[in-house]
Amino acid sequence: QKKYSQNKYMINQRQKNALIEIQERIKDSITAFDESGDVTICLSYLYTVKDLFGQLLKPINNENILNSIFKGFCVGK
């Protein structure tokens with residue numbers, strides 16, 4: 001059996017949580033398909049997985065969002 005200790009990577013808690021969520025949604029997708037045979041239900045879970053991967057690879061920067069919201073306001077006048 002191959003040991004994976006040599007392949008350790010540093011990830012933060014947000015990334016770990018996202019990977020766990022992705023894994024769970026993939027399992028849900030397989031279960032939904034096995035139980036119903038309906039590709040549409042399976043696809044619904046897989047779209048969620050796609051979105052989660054997007055969040056993992058390109059996280060939303062809250063500072064940029066706040067700057068965008070408040071850039072039109074003048075403070076101190």
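Colleague: Leaving aside its neighbours within four places in sequence, which residues is Arg25 in contact with?

Modeller: Arg25 is in contact with Tyr45, Thr48, Val49 and Leu52, where contact means heavy atoms within 4.5 Å. This is a predicted model, in which local features need pLDDT of at least 70 and side-chain atom pairs count only at pLDDT 80 or more, while totals for chains, interfaces and linings use all residues. Residues are numbered from 1 along each chain as its sequence is written, and side-chain values use heavy atoms, with hydrogens and water left out.

Colleague: What is the confidence of the chain, and where is it lowest and highest?

Modeller: The pLDDT, which is the predictor's confidence in each residue from 0 to 100, averages 80 over the chain, and 66% of the residues score at least 70. Confidence is lowest in helix α3 (residues 62-70), at a mean of 67, and highest in α1, at 91. Helices here are DSSP runs of H or I with at least four residues, strands are runs of E with at least two, and both are numbered from the N terminus.

Colleague: Why is Arg25 called buried?

Modeller: Buried means under 20% relative accessible area, exposed means over 50%, and partly exposed lies in between (1.4 Å probe, protein chains only). Arg25, which is placed in helix α1, has a relative accessible area of 19% and is therefore buried.

Colleague: Which other residue joins Arg25 and Glu21 in a network of salt bridges?

Modeller: Asp28 is linked with them in that network. The side chains of Arg25 and Asp28 meet in a salt bridge at 2.5 Å, N to O. Being three residues apart in helix α1, they too are separated by about one helical turn. Asp28 counts as partly exposed at 24% relative accessibility.

Colleague: How many salt bridges does the structure hold?

Modeller: The structure holds four. One of them joins Lys50 to Asp51, with the closest N and O atoms 3.7 Å apart. Asp51 is partly exposed, since its relative accessible area is 44%.

Colleague: How do you know that the span of helix α2 is close to the expected one?

Modeller: The expected span is 1.5 Å times one less than the number of residues. Helix α2 (residues 39-57) has 19 residues and reaches 26 Å from its first C-alpha to its last, close to the 27 Å expected.

Colleague: Why are the buried residues of α2 said to line one face?

Modeller: The residues concerned are Cys42, Val49, Leu52 and Leu56. Seen down the axis of α2, the buried residues fall within an arc of 75°, so they line one face of the helix; the arc is that of the directions from the helix axis to the C-beta atoms. These residues pack against α1 (13-36). On the other side of α2, Thr40 and Lys50 are exposed.
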